[in-house]
Every structure is written in structure tokens, then in C-alpha cells.
Amino acid sequence: MEQFEINRIRTQLINRRDRLNRAAVDQKTGIHYLTLLKEVDAALERIDSGTYGICEVCHDPIEEDRLIVNPLLCFCIDHLSDQQKRSLEEDLDLAQKIQKTMLPARNLETEGWDFNYHYEPAGAVSGDYCDVISEGPNTYFILGDVSGKGIAASMLMSQMHALFHSLIPLNLGINRLVGQINRLMCESNPSSHYATLLCIKAELSGRIEVCNAGHLPALLIKKNEQLKLDSTGIPVGLFCDADYSVNSLSVEKGDTFLLYTDGLTETFFDEEEYGVSRLSKVFFDNHKLSSRELTKVILNDVNKFIAGKSKKDDMTIMTVKKL
Ligand SMILES: [Zn+2]
């Protein structure tokens, strides 16, 4: 764990200790507060002695995303008690259920557009953000990839979900929308946490605005020609004052977009990467299919490529077709 992250946790722990001290005096209930105080003091001692974040059983580092969520941990995931394991499983189960409710409804009305997606976490929860939001005559297709994996990444993903749903009705224009999300994420997260983001605003007429904040290029097949919609800015959550530019274009009936996260293109089999060029070919060869069929074909192709091996990263595929 990096020193600045440890310093941040230290400040947080001192703050918690003050609150616990005050609460213990106010409530006079003692025992529970005292146990918590002892745990906080012990964590501060571990920071000062340089043993913070090391498992007390095996002396390997404790998983960083777990420490960020609970800085009092002193065991790695392999060395939890049975009861701790059970409650961790319950937490993950609940987190997974919550995350599923944040995915776009399959039957969402998006007038003028046919969309489909495949969302596949590498573990219980994903750091990928996949959303489709209908606002008046416009539809927003959004894909994001939060740095890291697991619970910490999924928490940032849910924050992005909330921000997009609250800001889109304000009709800010897509560059200001992404700029605002960047600023809010910078202000509320440690700078080690950021996300790449691809946001498409699609109008009923076929006019499109694309803002790509450090994400992999979206692929577009426009009248049988394949185009790449490259990044137009840096990932969100890094620099408060970053600017985001927008590409505008218009599409016609049958034109098709493919959005994906690196869990798709950076899937490996032995030393070989699945890669963008392989993906481009499958996309091109099958772009006349419905978005649902197309998503299925791409998924089958990558599964065939890895031949039954498990994927190491969260993966999301989204296909969007102009009707
Ligand atoms: Zn351990």
C-alpha cells in the first residue's frame, strides 16, 4: 500500500477515535465503544510501527481494496475466522444484488435505438459501469471502467451511476456533464481512484455526440465502413479542472456502435491477447444482426478464444443500432 494512502487512513482513524471518544462520554454505554476504540488505537499503532496492512497470520499484505473499505482489518482474506468469512460472503452477496439493480432494464424504451449488453464481473461485483438513460427524445449510452477491481471499484461504479442519473435531467451538454462528473469524483475520492468513461448522447434524428474520457475507442459501422471513436480526454477523477471535448456525427438506419471494456480486448489465452483487431473483424462480419444477436456472437467468440479458462477482469459489451 502506498504511503499517501496509509497517511490518509491514519488521518481517518484519528478522526474516528475523536468521534468514538466523544460518543463514549455522551452515551456512557462503554463496552462497545471501548472495543472499537481499542481497534482504532491498535491500527494507529500498526501504522506507526510500519506493520499496517500486514496479515497477522501469514504476514502477507492484506488486500488493499478491503483495507480502504475497512481500515481496521488485520487478517488477509485467507485467514479470516469462519464467522468473518460468512459475514464477508453475506456482504458480497448483498453488494452483488444491489449492483444488479443498477444495470439498465432490458426492456427500456429507447425510441429510435436498439441496444443490448453483456455485463460480466470477474468476481462477485464489478468495477465496470454500464448504463442506458432515456431523457426526453435523447438516449445516453454510457460505459465506464473504474481503476482496480472488487468492492472498492464497485462502490465508485455506484457513485458514477448516481451522478449520471442526477445530472442528465439538467441537460448540461455532454462535455459539461462529463466535466461535472469529473469534478465531483475528484472532490470525493482519493486520487488513486479514477475511471475511464465513454458517454454517447444519441438524438432521435441520428445526431450523436461522443465524449470519450480515456476509454478504449468505441467502434462504429457507418454505411459498411468501420470507424474508431478515440479518446477525447483523460479519465475522470484525476484532475479537477480537466476539459472534455466532444465529437459530433450523424448516423443512419442500420449503423451500429460497439462499446466494450478492456476485460474484453485484454483477455488472454496463454500469451495471446484477444485484441481490438480480432474484435473489429467479428463486429464487422456480424454488424447486420440485431444488437442482441450481435452481442451474443461477440461473447461466443471471446469465450471460444479463451477455451473455457476464467476471465481475470470485469468485462462489459454494449451494442447499439440505429433503427
Ligand atoms: Zn494471511
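Among contacts in this chain between residues at least 6 apart in sequence, 66% join residues at least 24 apart; two residues are in contact here if their C-beta atoms, placed from the backbone, lie within 7 Å. What you have is a predicted model, where local features need pLDDT of at least 70, side-chain atom pairs count only at pLDDT 80 or more, and totals for chains, interfaces and linings use all residues. Numbering starts from 1 along each chain as its sequence is written.

**Overall layout**

- The chain has 9 helices and 12 strands; helices (H or I, at least four residues) and strands (E, at least two) are DSSP runs, numbered from the N terminus.
- Along the principal axes, the C-alpha atoms fill a box of roughly 70 × 45 × 35 Å.
- Of the 323 residues in the chain, 33% are buried. A residue is buried if 20 or more other C-beta atoms lie within 10 Å of its own, exposed if 12 or fewer, and partly exposed in between, with C-beta atoms placed from the backbone.

- The chain splits into domain 1 (3-78) and domain 2 (97-322), with bounds that come from an automatic or database domain assignment.
- Their C-alpha centres lie 37 Å apart.
- Domain 1 puts 5 residues into the contact and domain 2 puts in 7 residues.
- On the domain 1 side, α1 (3-27) and α3 (64-69) are the elements that give two or more residues, and α3 gives the most, with 3 residues.
- That side of domain 1 has 2 nonpolar, no polar and 3 charged residues. For these classes, Ala, Val, Leu, Ile, Met, Phe, Trp, Tyr, Cys and Pro count as nonpolar, Asp, Glu, Lys and Arg as charged, and the others, Gly among them, as polar.

**The five-stranded sheet**

- An open sheet of 5 strands runs in the order β1-β12-β9-β6-β7, with antiparallel pairing; two strands pair if DSSP finds at least two bridges between them.
- Its edge strands are β1 (113-120) and β7, and each pairs on one side only.
- From one strand to the next, the twist averages 15°. Angles run from 0 to 180 degrees between N-to-C directions, and axes are lines fitted to C-alpha atoms, for helices over the stretch in contact.
- Helix α8 packs on this sheet, touching β6, β7 and β9, and its direction makes about 30° with that of β6.

**Strand β6 and its neighbours**

- In β6 (residues 218-222), 4 of the 5 residues are buried, so the strand is largely enclosed by the rest of the structure.
- On one side, β6 pairs with β7 (residues 225-229) in the antiparallel sense over 5 bridges. Lys222 stands opposite Glu225 in β7, and Leu220 stands opposite Leu227 in β7.
- The hairpin of β6 and β7 has 2 residues between the strands, and Lys223 takes a positive phi near 45° there.
- β6 also pairs with β9 (residues 256-260), again antiparallel, over 3 bridges. Here Leu220 stands opposite Phe257 in β9.

**Helix α8 against helix α9**

- α8 (residues 276-286) and α9 pack at an angle of about 145°, with their axes 10 Å apart.
- α8 passes α9 in a right-handed crossing. A crossing is left-handed if the near helix is turned anticlockwise from the far one by less than a right angle, and right-handed if clockwise.
- Val282, Phe283 and Asn286 of α8 meet Leu294, Val297, Ile298 and Asp301 of α9.
- By class, the residues of this contact divide into 5 nonpolar, 1 polar and 1 charged.

- Most residues other than glycine have a negative phi, which is the background for the next two points.
- His59 has a positive phi, near 65°. His59 lies in the loop between α2 (31-49) and α3, and is exposed, with 9 other C-beta atoms within 10 Å.
- Ala307 has a positive phi too, near 45°. Ala307 sits in the loop between α9 (291-306) and β12 (315-322), where Ala307 is exposed, with 8 other C-beta atoms within 10 Å.
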